[in-house]
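Let's take a friendly walk through one model and look at its rings, a pocket and a few backbone details.

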Amino acid sequence: MSSQFAADSGSRRAERMRLLAQPVAVVVLVVVVLGWAFSQDLSEVTRRSLNIPNIVALSWQHFLISLAVACIVVLVAVPLGVLLSRPWARRAAPIVIGLANIGQAAPSVGLLVLFSASYARAYYETKNAASVFVNQLIFAVMGIGVMWLISRVPYEWYQKLSLLILAASIGLLVLVPFIGTESGGATRWLDFGFVSFQPSEIAKFGVICSFAAIMAAHTRDMKTIRYGVAPYVVILGIIAVLLYLEPHMSATLIILALGFILMTLGGTDWKYLVGLVILGCLLVAVYLLTKGYTGGRISAWLHPENDPLDKGLQV
């Protein structure tokens, strides 16, 4: 009994440390980025926007917006959830959940932003202001349909096929430097004529499926390096190297973040997680120093007036 109590106490203590380590890591990362930014030779325009009072004010605005959204969600979701729990309304639950998921998704907002940004050029080139919007809308509808079909597949299938999906995504990433399509100084797309796509998108799905499958098979061993760290670091390392060759910084960061979140949820010891965060920050620093286009974007953010008609235009 005492050994079981000690084990439970240790588990709760590790969980508390893990919950503490995540926000601390975020705060440290933010402080490092801001410290680096403030140490640069900033222009007058940048200094007016990048200062502590302005950052605090904008952060407070963001907090208020998030709080208001959370209140609206609670006020809508709780009564609706109670209503849908009634026997006579349960048949409508899948429809309501599907509509809610669509409403939460970015495509609806993205389409509006796309239309706002493209209608003038689309009208100039095609005499149809909505041509780009309609084209993207078609693909969005197709994507929602594919999403619905995939949601109907039993999750056990994904568990059985997880390593195959991962291997296929890595294989496609290997092909990118050889037969990929170059655009904007980076080679990220595979074009097979009838369809073109970024293998990094499949790699994200492969990471989620494979990590979940490995964790499900070794739930009791997630505190060890062999089953709680090593396989995931190897997978993320292979994918990160292949994305480095493209190069594709955003996909690299997203996949590394996915891996970290899954390892946290899976029960990896917090000591290893902290070490991986430090290692990840060092690798990102190396990436920024060796891949000029990413450093150029940061430079454009800090000094948009140096290139107002190209890199600094959006800033």
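The report below goes from basis to rings, then to the pocket, the backbone and the cysteines.

## Basis of the report

This is a predicted model, in which local features need pLDDT of at least 70 and side-chain atom pairs count only at pLDDT 80 or more, while totals for chains, interfaces and linings use all residues. Residues are numbered from 1 along each chain as its sequence is written, and side-chain values use heavy atoms, with hydrogens and water left out.

## Aromatic pairs

A pair of aromatic rings is described by the distance of the centres and the angle of the planes. Here rings of Phe, Tyr and Trp (its six-membered ring) pair if their centres lie within 6.5 Å; planes under 30 degrees apart are stacked, over 60 edge-to-face, and the rest tilted. That rule gives four aromatic pairs. In one of them, Tyr158 and Phe205 have ring centres 5.7 Å apart and planes at 85°, so the pair is edge-to-face. Tyr158 belongs to helix H7 (residues 155-179) and Phe205 to helix H8 (residues 199-217), so this pair ties together parts that are 47 residues apart in sequence. Helices (H or I, at least four residues) and strands (E, at least two) are DSSP runs, numbered from the N terminus. Phe205 is partly exposed at 34% relative accessibility; buried means under 20% relative accessible area, exposed over 50%, and partly exposed in between (1.4 Å probe, protein chains only).

Phe211 and Tyr232 form a tilted pair, at 4.8 Å centre to centre with 55° between the planes. Since Phe211 lies in helix H8 and Tyr232 in helix H10 (residues 230-245), the pair ties together parts that are 21 residues apart in sequence. Phe211 is buried, with a relative accessible area of 0%, and Tyr232 is buried, with a relative accessible area of 0%.

## The second largest pocket

Phe205 turns up again in the lining of the second largest pocket, together with residues including Phe139, Trp189, Phe197 and Glu201. On a 1 Å grid over the protein atoms alone, a pocket is an open set of points where a 1.4 Å probe fits, with protein on both sides within 12 Å along at least five of seven lines; lining residues have an atom within 4 Å of a point.

Helix H6 (131-151), strand E3 (196-197) and H8 are the elements that give two or more residues to this lining. By residue class, the lining has eight nonpolar, two polar and one charged. Ala, Val, Leu, Ile, Met, Phe, Trp, Tyr, Cys and Pro count as nonpolar, Asp, Glu, Lys and Arg as charged, and the others, Gly among them, as polar.

## Backbone details

What is the phi of Lys127? The value is near 65°, positive in a residue other than glycine. Lys127 sits in the loop between helix H5 (106-126) and H6 and is exposed, at 62% relative accessibility. Lys127 also lies over the face of Tyr123, at 5.7 Å from the ring centre (NZ of Lys or CZ of Arg within 6 Å of the ring centre and within 35 degrees of the ring normal).

Elsewhere, the peptide bond from Glu246 to Pro247 is cis, with omega near -10°. Pro247 is placed in the loop between H10 and helix H11 (249-266).

## Cysteines

The structure has zero disulfides, a disulfide being a pair of cysteine sulfur atoms within 2.5 Å. Cys209 is buried at 9% relative accessibility, whereas Cys281 is partly exposed at 38%.
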